[in-house]
Amino acid sequence: MNYLGKVPVGRVLIENNIVSQRSAKSFVKANDVLVNGVKVCDAGFLVDCSGDEVCVNGNVLPRVEHVYFAFNKPAGVVCSTVSDSHKTVYDFMRENKKISKILMERSLTLHCAGRLDCDTEGLLIFSSNGTFTNALTRPENNIEKTYLVTLENSVSSQEQNEYIRKINAGVKVPAEKKSGEFTARGAKVVFRNSTLCEITVTEGKFHEVRRIFGALGNRVVALKRIKFFEFELGDLKSGEFKEIHL
Ligand code: URA
């Protein structure tokens with residue numbers, strides 16, 4: 001289990017209705033909280049809630065068997081829960097009999113780690129472990145996301161070097177309707193040919209990849225996420241889910 005799949009022991013106690021958010025810290029200090037038989041005093045101590053045994057004042061807490069899925073989002077599908085105009089990723093989830101059965105039988109809800117624009121296709125990660133999906137989206141965790149970018153205008157070898165240099169250094173991105181200007185964190189770029197490249201970013205600013213190339217005077221005509229953290233899209237078909245075992 002990766003550290004991102006771990007949960008502070010205080011959160012485990014909150015989810016088991018043993019303490020409130022406010023009293024978790026003092027409760028762990030003042031009570032007998034054991035993780036795999038060893039007493040912990042820090043509510044922030046990380047536990048793998050499907051593997052580690054948590055025992056509170058002599059009572060062993062039930063283990064939560066979290067589930068993790070990769071999904072290949074098609075373009076034209078939105079990441080929101082409801083939409084009048086587009087199919088949502090949650091529609092795909094409901095239509096998937098295997099996933100619906102797992103969620104119903106185990107009373108789990110899936111959270112999506114971040115979003116992709118309606119026009120962007122590719123890898124999304126879902127999990128019942130909200131701590132895990134939150135950790136994947138927190139900018140300070142510097143989680144790498146790699147996109148395959150198709151550009152409208154062909155970029156010569158010399159211009160490719162300029163793009164790489166500027167994007168490595170951090171491009172200043174102008175404001176657009178829903179979002180102010182920002183300087184993108186330096187990112188890696190590898191050109192596959194004059195209109196196709198891979199970019200690896202570590203933040204998730206609104207329309208970030210499209211706006212980085214827009215700021216350089218080009219236009220992204222197709223965008224596909226092929227890697228997110230340690231997970232790769234691989235040969236997962238468009239519109240399909242695959243269970244991940246951490
Ligand atoms: N950057 C974008 O511009 N769009 C996405 O969907 C993801 C990253």
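Not counting residues up to four places away in sequence, asparagine 72 touches Gly122, Leu233, Leu236, Lys237, Ser238, Gly239 and Glu240, where contact means heavy atoms within 4.5 Å. The model is a predicted one, in which local features need pLDDT of at least 70 and side-chain atom pairs count only at pLDDT 80 or more, while totals for chains, interfaces and linings use all residues. Residues are numbered from 1 along each chain as its sequence is written, and side-chain values use heavy atoms, with hydrogens and water left out.

Asparagine 72 belongs to strand β7 (residues 68-73), and its relative accessible area of 3% makes it buried, a term for values under 20% with a 1.4 Å probe and protein chains only. A polar atom of the asparagine 72 side chain lies 2.8 Å from the backbone oxygen of leucine 236.

In the chain as a whole, buried residues make up 45% of the 246 residues. The secondary structure comes to seven helices and 19 strands, taken as DSSP runs (H or I of at least four residues for helices, E of at least two for strands) numbered from the N terminus.

The two pockets are set out below. A pocket is an open set of points on a 1 Å grid over the protein atoms alone, where a 1.4 Å probe fits, with protein on both sides within 12 Å along at least five of seven lines; lining residues have an atom within 4 Å of a point. A volume is the space filled by probe spheres set on the points.

| Pocket | Volume | Lining by class |
|---|---|---|
| Largest pocket | about 680 Å³ | 13 nonpolar, six polar and nine charged residues |
| Second largest pocket | about 180 Å³ | four nonpolar, three polar and three charged residues |

In these classes Ala, Val, Leu, Ile, Met, Phe, Trp, Tyr, Cys and Pro are nonpolar, Asp, Glu, Lys and Arg are charged, and the others, Gly among them, are polar.

The lining of the largest pocket draws at least three residues from each of domain 2 (68-138 + 235-244) and domain 3 (144-228), with bounds from an automatic or database domain assignment. β17 (220-228) is one of the elements that supply at least two residues of this lining, and β17 gives the most, with three residues.

The second largest pocket is lined by residues including Pro8, Gly10, Arg11 and Ile14. Two or more residues of that lining come from each of α1 (9-15) and α2 (24-30), and α1 gives the most, with three residues.

Technical notes: Buried < 20%, exposed > 50% of the residue type's maximum accessible area, 1.4 Å probe, protein only. Polar contact = N/O pair within 3.5 Å; in protein donor to acceptor, adjacent residues only side chain to side chain.
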